[in-house]
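Welcome! Here is a friendly briefing for anyone meeting this structure for the first time. Have a look at the sequence and the model, then read on.

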Amino acid sequence: MTHDNPAPVLTVDNLSMSFTLHAINRFVQSLTAVSFTLYEGEHLALAGASGAGKSSLLRCIVRNYLPNSGTVILHDGDTTIDLTALDDRRMARLRGRDFGYVSQFLNAPPRQGPLRLVTNAALRRGLAHQEAEQAAAVSLTRLGIEERLWDVDCSVLSGGERQRVNLAAGTVSPPRLLLLDEPVSALDPANRALALEVIEDLHHHDVSVLAIYHDMTVIRRVADRVLLMDGGVIAADGTPDEVLSAGHTVLDEVFA
Ligand SMILES: Nc1ncnc2c1ncn2[C@@H]1O[C@H](COP(=O)(O)OP(=O)(O)OP(=O)(O)O)[C@@H](O)[C@H]1O
Ligand SMILES: [Mg+2]
């Protein structure tokens with residue numbers, strides 16, 4: 001954290017969410033009474049076993065999923081915005097400008113190359129066209145996406161290339177809040193190192209980050225705080241040292 005008395009950026013309060021799988025007559029409770037606050041400039045890691053509810057939590061915050069109950073509040077100075085009650089148009093505008101979401105998989109419009117995709121993300125964050133294209137080129141280069149790939153349709157890129165293009169779009173001219181779903185999971189060691197440098201650098205831009213990681217070394221390196229999720233609830237909330245050394249049984253499963 002970069003400030004002594006950091007201001008809250010995002011407050012998730014009592015969030016619960018379930019799915020009803022009608023076809024097989026089953027009910028899945030994916031989040032139960034999840035509450036936490038993310039502060040300005042803080043890097044908060046989400047850890048937990050597969051199926052613990054980590055991606056569901058991010059999707060509820062960006063409103064890809066609607067929670068059954070609870071609130072998600074975005075703070076803007078003294079103003080607060082309840083994201084769960086926002087109409088789709090205002091939500092889309094906020095998502096482009098104020099906060100970014102890097103999903104696990106790149107979802108690019110057809111026939112769009114990396115440069116166009118990342119430039120569009122920078123334009124949505126308010127950069128002028130030429131500036132946006134320059135920033136996109138810098139972002140792609142930092143993440144090891146060679147110039148020969150900049151105009152290639154994103155659908156033909158490899159999994160690791162897509163993940164890095166996705167991260168470039170999320171971090172170009174970074175928003176003040178960034179949600180990352182396993183941003184380094186499919187990368188080889190060299191590209192993972194590039195991606196981690198970009199992610200670490202967010203600290204210097206006062207970006208608040210909520211990110212899912214499956215690697216304890218990564219969490220210790222980049223995160224200020226960890227939320228450990230287990231079966232849709234927050235099982236622990238503390239510094240990486242506190243949470244990762246506390247002997248939670250779920251950790252054996254997560255980081256085996
Ligand atoms: N769209 C959906 N429809 C039905 N069930 C879902 C849906 N999305 C998630 N779930 C269920 O909610 C639970 C939590 O899933 P979630 O994707 O949040 O887990 P996760 O912690 O991100 O796991 P992983 O580490 O494997 O990505 C799982 O049991 C999952 O099957
Ligand atoms: Mg997930």
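Does Val118 count as buried or exposed? Val118 counts as buried, because its relative accessibility is 0%. Keep in mind that this is a predicted model.

- Val118 is part of helix α3, which covers residues 114–124.
- From C-alpha to C-alpha, Val118 and Ala135 are 8.5 Å apart in space, while 17 residues separate them in sequence.
- Leu210 sits in strand β8, made of residues 208–212.
- Leu210 also counts as buried, because its relative accessibility is 0%.
- Leu38 and Leu210 are 172 residues apart in sequence, yet their C-alpha atoms are 7.7 Å apart in space.

**Around ligand 1**

- Ligand 1 is surrounded by 15 residues, and the closest are Ser50, Gly51, Lys54, Ser55 and Ser56.
- Sorted by class, this shell holds 6 nonpolar, 7 polar and 2 charged residues.
- Three elements, β1 (8–21), β2 (26–39) and α1 (54–61), each give at least two residues to the shell.
- The largest share of the shell comes from α1, with 3 residues.
- The side chain of Ser56 has an N or O atom 2.6 Å from an oxygen atom of ligand 1.
- For Lys54, an N or O atom of the side chain is 2.7 Å from an oxygen atom of the ligand.
- Ala52 takes part through its backbone: one of its polar backbone atoms is 3.1 Å from an oxygen atom of ligand 1.
- Taken alone, ligand 1 would expose 640 Å², and the protein buries 69% of that.

- Side chains of opposite charge can pair when their charged atoms come close.
- By the rule used here, the structure has 10 salt bridges.
- One of them joins the side chains of Arg225 and Glu42, with N and O 3.1 Å apart.
- This pair ties together parts that are 183 residues apart in sequence, because Arg225 lies in strand β9 (residues 225–230) and Glu42 in the loop between β2 and β3.
- Where does Glu42 stand, buried or exposed? Glu42 has a relative accessible area of 1%, so it is buried.
- Arg225 has a relative accessible area of 12%, which means that it is buried.
- The side chain of Glu42 also reaches the backbone nitrogen of Tyr39, at 3.0 Å.
- Glu42, Arg225 and Asp237 are linked in a network of salt bridges.

**Two further salt bridges**

- Asp98 and Arg176 form a salt bridge in which the closest N and O atoms are 3.3 Å apart.
- Arg176 lies in the loop between α5 (159–171) and β7 (177–181), and Asp98 in the loop between α2 (88–97) and β6 (99–102), so this pair ties together parts that are 78 residues apart in sequence.
- Arg176 is partly exposed, because its relative accessible area is 29%.
- Asp98 is buried, because its relative accessible area is 8%.
- The side chains of Arg220 and Asp241 also meet in a salt bridge, at 2.7 Å from N to O.
- Helix α8 (residues 240–244) holds Asp241 and helix α7 (residues 216–222) holds Arg220, so the pair ties together parts that are 21 residues apart in sequence.
- Asp241 is exposed, because its relative accessible area is 51%.
- Arg220 counts as partly exposed, because its relative accessibility is 39%.

**A nonpolar patch on the surface**

- Which residues form a nonpolar patch on the surface? They are Leu21, Ile24 and Val28, and together they have about 230 Å² of accessible area.
- Ile24 lies in the loop between β1 and β2.
- With a relative accessible area of 49%, Ile24 is partly exposed.

Key: Residues are numbered from 1 along each chain as its sequence is written. Chains are lettered from A and ligands numbered from 1 in the order in which they are written. This is a predicted model: local features need pLDDT of at least 70, side-chain atom pairs count only at pLDDT 80 or more; totals for chains, interfaces and linings use all residues. Side-chain values use heavy atoms; hydrogens and water are left out. A residue is near a molecule or strand if one of its heavy atoms lies within 4 Å of it. A polar contact is a pair of N or O atoms within 3.5 Å; within protein, one must be able to donate a hydrogen and the other to accept it, and residues adjacent in sequence count only if both atoms are side-chain atoms. Accessible areas come from the Shrake-Rupley method with a 1.4 Å probe; for residues, only the protein chains shown count as cover. Helices (H or I, at least four residues) and strands (E, at least two) are DSSP runs, numbered from the N terminus. Ala, Val, Leu, Ile, Met, Phe, Trp, Tyr, Cys and Pro count as nonpolar, Asp, Glu, Lys and Arg as charged, and the others, Gly among them, as polar. Patches are made of residues with over 30% relative accessible area and no salt bridge: like charges are joined within 9 Å, nonpolar side chains (Val, Leu, Ile, Met, Phe, Trp, Tyr) within 5 Å. A salt bridge is a side-chain nitrogen of Lys or Arg within 4 Å of a carboxyl oxygen of Asp or Glu. Buried means under 20% relative accessible area, exposed over 50%, partly exposed in between (1.4 Å probe, protein chains only).
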